[in-house]
Amino acid sequence: MEVALPAGVVTVSTALSAAESPWAVMALAHGAGAGMEHPFLIGFADALAAEGVGVLRFAFPYAQAGRRMPGPAAHAVAAWTAAVAAAGAADAGVPLFAAGKSYGGRMASMAAADGVISPAGLVYLGYPLHPPGAPEKLRAAHLPSVAAPQLFVEGTADPFIQPRAQFEEVVATCRDASVVWVDGGGHSFEVKGRRRPAAEVGAGLAASVVPWLRARARDAAISS
């Protein structure tokens, strides 16, 4: 997939978890510290594909270049622009959603707030509301500007959204937002005392996300 950056066009990797008879398609971004081949992301994508949602995973330019730290937000927004177009081309004619793990989801929300992408809905897998232990450093000012429905999938023990009261206040400022809670889950949805492979953890979230996707897909079909 080609991404147009200020310094020129770069090519990043993509991978498609194809659905047999897709009723929706999703572009799915990785988190800041883990690439598109992380088992969690693959598990989530494959589980959605089994339910009829085609999923296009993609790499941000910094990750494609082998760098560990994310580049400018504008680069991520450019990648989201390309990813939405690529996902739409992969499964044309069905509602398109944008989703991301942590940083990837936050970058999708910024692209949507700026009007660069217009998905049928956005899914955040562990939205990083603020750095752990620094609730004063909110990353939420743009969320009320997101027109599309938003689904926050959050672990109750995630340090990125504590205190929960503050997180819930932020969600209340959104135009159309819902929350799915994972009891005892951390930022990667790990649950203390329960060890599971990352792919299994990711796949397990699909069951909570699919009903929301179906409802938003129906809404998109009615409005069109």
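**Spaces and helices**

A: The lining of the largest pocket has nine nonpolar, eight polar and four charged residues. Ala, Val, Leu, Ile, Met, Phe, Trp, Tyr, Cys and Pro count as nonpolar, Asp, Glu, Lys and Arg as charged, and the others, Gly among them, as polar. This is a predicted model: local features need pLDDT of at least 70, side-chain atom pairs count only at pLDDT 80 or more, and totals for chains, interfaces and linings use all residues. Residues are numbered from 1 along each chain as its sequence is written, and side-chain values use heavy atoms, without hydrogens and water.

Q: Which residues lie nearest the centre of the largest pocket?
A: They are His-38, Phe-40, Lys-101, His-187 and Ser-188. The pocket holds about 320 Å³ of space.

Q: Why are H1 and H6 called oblique to each other?
A: Helix H1 (residues 39-50) and helix H6 (residues 198-223) pack at an angle of about 40°. Under 35 degrees is roughly parallel, over 145 roughly antiparallel, 65 to 115 roughly perpendicular, and the rest oblique. H1 and H6 are therefore oblique.

Q: What makes up the contact of H1 with H6, by class?
A: The contact of H1 with H6 has 14 nonpolar, two polar and no charged residues.

Q: Which residues line the largest cavity?
A: Phe-60, Pro-61, Tyr-62, Gly-71, Pro-72, His-75, Ala-76 and Tyr-103 line the largest cavity. Six are nonpolar, two polar and none charged.

Note on methods
Axes are lines fitted to C-alpha atoms, for helices over the stretch in contact, and angles run from 0 to 180 degrees between N-to-C directions. Helices (H or I, at least four residues) and strands (E, at least two) are DSSP runs, numbered from the N terminus. On a 1 Å grid over the protein atoms alone, a cavity is a set of points where a 1.4 Å probe fits but cannot get out, and a pocket is an open set with protein on both sides within 12 Å along at least five of seven lines; lining residues have an atom within 4 Å of a point. Grid points are joined across faces, edges and corners, and a volume is the space filled by probe spheres set on the points.
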